[in-house]
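Trainee: Could you walk me through this structure and show me how to read its features?

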Amino acid sequence: MFKNIQKYLLINYPLLWNTKVVPTTFILIVINLIFFFIGLEKGKLDFFENDNNYTYDDEAVVIFFSILVSILLLILWLVFYFKNNSFKSFYPKRTLSLFKEWCIVLFISFLISLFTSSYYYGKDVRMRSYFTEQEAKNRCEILSKASFFVEGSYSNNYYDEDYDEIPVAEASKVSVIAADTAVVANDSIKFNGKKYSYFSLLNKNVNSYSFFDHESDSIRKKTIKTWLVNQQKDSIKSVFKQYLAIAKEHNLKGNIDENKWLDLIYDYPNFVNYREIGSSNMNYEYYDNVNQPQDSLNKYIKVVNGVKYEYYKYFVPEKSLNYNYSKISEAWVAPNMSFASILISFYFAIGLSLLIFGFRVTSGRNWLIAVISLGVISILLGIFSIIIRSDYSFALAVILLTLFTFIYFIVTISRKKSKNISGVILNAMLWLFPSFFPLIYYVILEILRDLAQAHPVDYLLSEYYPAIQFLKDYGVIFAYLNIAFIIIFMLFLSVKIKQWRGLAEG
Amino acid sequence: MSEFEKQYEELLNFLKFEDFSILTKRIIDLTLDTEDINYYKKTNDLLIWLDHNENNVDAKKVKYQEILSDLHQTLISKPILEKKVLVSTSNLQKSYGSSSFGLGPIDMELRQGEILGLVGENGNGKTTLLRCLCGELFATSGKINYHFNFKDDYHLRTKLVYIPQRTETWYGSMFENLQFTATNYGYKPEENELVVELIIARLGLRKFRNHSWKSLSSGYKMRFELARMLLRKPEILLIDEPLANLDILAQQTVLEDFRSIAKSPFRPIGIVLSSQQLYEVEKTSDQVIFLKQGKQKNLHEKASQENEVVVANNLVIEFESSLTQGELGTIFENLNMISLQFNGGTYIVNFPDTVSVYDFMQLAISHKIPLQYFRNISNSTRRFFVS
């Protein structure tokens, strides 16, 4: 099939034939699909796994192979692509012909650089496939609420909204006491104007999921606390019921039902004498400790082969649920493949395509000299930057170097004499110009930061801060705009390169 | 009688004397002149038929006659264009920075259908001149004027085909490479394969169509370059030492190919070639430029320009003989010999303009001078090599 397609392209579309774009695209799509399906498989969740008990993930091996396959395929494609070069042979070219060729090279470079991304995308898709975003969010909400009633940490009062009313001076005093006596920072909390023990159930934390921010977690905690103090037992029981239903759906088991759970934790009005519910039925090796006596109320000890193991008397499968639902929420909220992460592949492909294109339109000799020259210049500029201790002098020098290469190249074309060293300069320009605007962005940001830090009162209050924030907020957008600039510039440059090629060699 | 009719007469003679090899080549040339896909098909059919009927002379003659008549009928009405000037240089000079060597000044003019031979010893500027003409080197001073339309320098260079002495490596099969060239030069998909087949056959590469660069000899690599050049339809072909790696028979074939390609009545091109094979080049070329240390020397009876050498109408004979220089000198005194030089195994004798080549031959016969070889070089640039 490919033979016939290539034969057709050879006599109809020589550029497509020469770049081998059809068979290469097909192969690259197939390999991307393979990595996608590997990702799909790897994204499968085992709800019995948790933080302490999971299968070793051989992700590094997959990534290593994806890179290896990319390199091998790139070499193979280049061997075929470099077999013919109509531009170097001075075959007739239309004005946009070189630009089209670069676009094809960019397209193939992009597909070649996507293997790892395809793998991650496969993982994301698989994890998202378990539930719709809303459903996953609802479930995480239930899990988060229920986690309040499972073993876990107490709130850090410094950051909890309930302690806003504690004066700064008092809080500092508490901290000093804590440092001196090595006891807990505070021995009480306040909720709705009433004081509770630090170890009260009301001071428990919830497990958070990527769906929720800190504020949302606080609101959830406040809701639960309100249920507790208002004796809204039905609401709490309903959460337990839903939680246990989710667990059952995944064949995960606890050893209590919702009624028992409520009985165990509900200790109105002070919420101090509640039973701690384990997050799994896993054992922990137990060591006798004089300072920390065994919690025989909530746990029991079992001796197996002479080794003591401590178990929770009552438990729910919180560890497994939290472990797996964290992954699901992550896949929805911050997937591996996103608008921002695809930028990396884009820029990698642009860099690769320009390396190939430079070699294609100039010569191996020019290309190699450009690599060495740029390397040496970069080292010298780096040393210079270190000596003068400037954050952005390197970036500034590269910007000036880019401008120099551009001016040299345009002047060479206008003079209509010989190419001289413009082949080397052209390569350098091709590789430098994509970083032109990002470096300007970086230099401006650094200058603004310097100015803001010199502000007499506070960095955040300086007049430069809004501009810094603006640049940071729109960083990804700028990066995409830069891609648009690169494409437009290449359109212009490809026309100029054709003119340049017509110049005498010496 | 038009140029085409003269050539057609020549083809009929090839047929009459059963010189089928050259006849086939010239039929292909005429087929390409028609620029008609129907003729491409017909001639290709003939080539396929010939593959299987090589020894059937009578049937071959009939087939050839048929196709010749057809081609004649079509081409007789096709207008033959006036031969235009393609390129001219005035005071062209090229120097290489610190190097002491400098080319020029060169003044020349090349027309469609003409072959210009560049001769001279190694390192005297032949390749430099070719590279200047093809746009690879820019002229330090003076001008090169191309008298055909082009949009920019790149477009100009698509119309100038330069074949260096060491041709570049290409990859893949020869046929595929030629198809790629044909597509780039605008041949329609339906005629692509037919034209490539014709051109491959034209240059005797039919058996090697699927060969790669590595599996071809230097001579066939040169033929491949010529095939590619034919597809590129250049205005000017510039070719450096095309005879260097060829045997004597192949040299004559290539030179004959150059002549017929350049002098096509309908698609004439200009050819500039450099070579050490002085006599072969002189035989083929319409004009010869001799380069000595980068300087141009033309042979003219009257020197109108600085670079032209006045040639006295002396008789200059190059010959080989077993006699000694002294013995020969005594004999040639009879014809008022001006000089006698011994030069690399051959003698060069110079007589006044009153002496003709027949006088020399008569003298040689009467004195029974043993001659292995002799040549009248009175009007050859060979004189520059020996002077």
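Mentor: Let's start with a pair of strands: β3(A) and strand β5 (residues 307-312) of chain A run antiparallel and are joined by two bridges. Two strands pair if DSSP finds at least two bridges between them. Helices (H or I, at least four residues) and strands (E, at least two) are DSSP runs, numbered from the N terminus. One bridge links A:Tyr284 to A:Glu310 in β5(A).

Trainee: Before we go on, what kind of model is this, and how are things numbered?

Mentor: This is a predicted model: local features need pLDDT of at least 70, side-chain atom pairs count only at pLDDT 80 or more, and totals for chains, interfaces and linings use all residues. Residues are numbered from 1 along each chain as its sequence is written, while chains are lettered from A and ligands numbered from 1 in the order in which they are written.

Trainee: In what order do the strands of the open sheet in chain A come?

Mentor: The order is β3-β5-β4, three strands with antiparallel pairing. β3 and β4 (299-304) of chain A are the edge strands, since each pairs on one side only. Overall, chain A has 19 helices and five strands.

Trainee: What radius of gyration does chain A have?

Mentor: Chain A has 32 Å, whereas a compact globule of 506 residues would have one near 23 Å. The radius is taken over C-alpha atoms, and the globule rule is 2.2 Å times the number of residues to the power 0.38. Along its principal axes, the C-alpha trace of chain A spans about 95 × 65 × 45 Å.

Trainee: How do I read the backbone angles?

Mentor: Most residues other than glycine have a negative phi, and most peptide bonds are trans. Here, A:Lys416 is not a glycine, yet has a positive phi of about 55 degrees. A:Lys416 sits in the loop between α15 (393-415) and α16 (422-432) of chain A. B:Asn336 also isn't a glycine, and its phi is positive, near 55 degrees. You'll find B:Asn336 in the loop between α12 (325-332) and β12 (339-343) of chain B.

Trainee: Where is the cis peptide bond?

Mentor: The cis bond joins A:Tyr268 and A:Pro269, with omega about 5 degrees. A:Pro269 is in the loop between α11 (258-265) and β3 (284-285) of chain A.

Trainee: Why does A:Lys416 count as partly exposed?

Mentor: Count neighbours: a residue is buried if 20 or more other C-beta atoms lie within 10 Å of its own, exposed if 12 or fewer, and partly exposed in between, with C-beta atoms placed from the backbone. A:Lys416 is partly exposed because 13 other C-beta atoms lie within 10 Å. B:Asn336 has 10 C-beta neighbours inside 10 Å, so B:Asn336 counts as exposed. Across the 506 residues of chain A, 31% count as buried.

Trainee: How many residues of chain A are in contact with chain B?

Mentor: Two residues are in contact if their C-beta atoms, placed from the backbone, lie within 7 Å. By that rule, 20 residues of chain A are in contact with 21 residues of chain B. On the chain A side, α1 (2-12) and α19 (475-501) each supply at least two residues. That side has eight nonpolar, seven polar and five charged residues. For these classes, Ala, Val, Leu, Ile, Met, Phe, Trp, Tyr, Cys and Pro count as nonpolar, Asp, Glu, Lys and Arg as charged, and the others, Gly among them, as polar.
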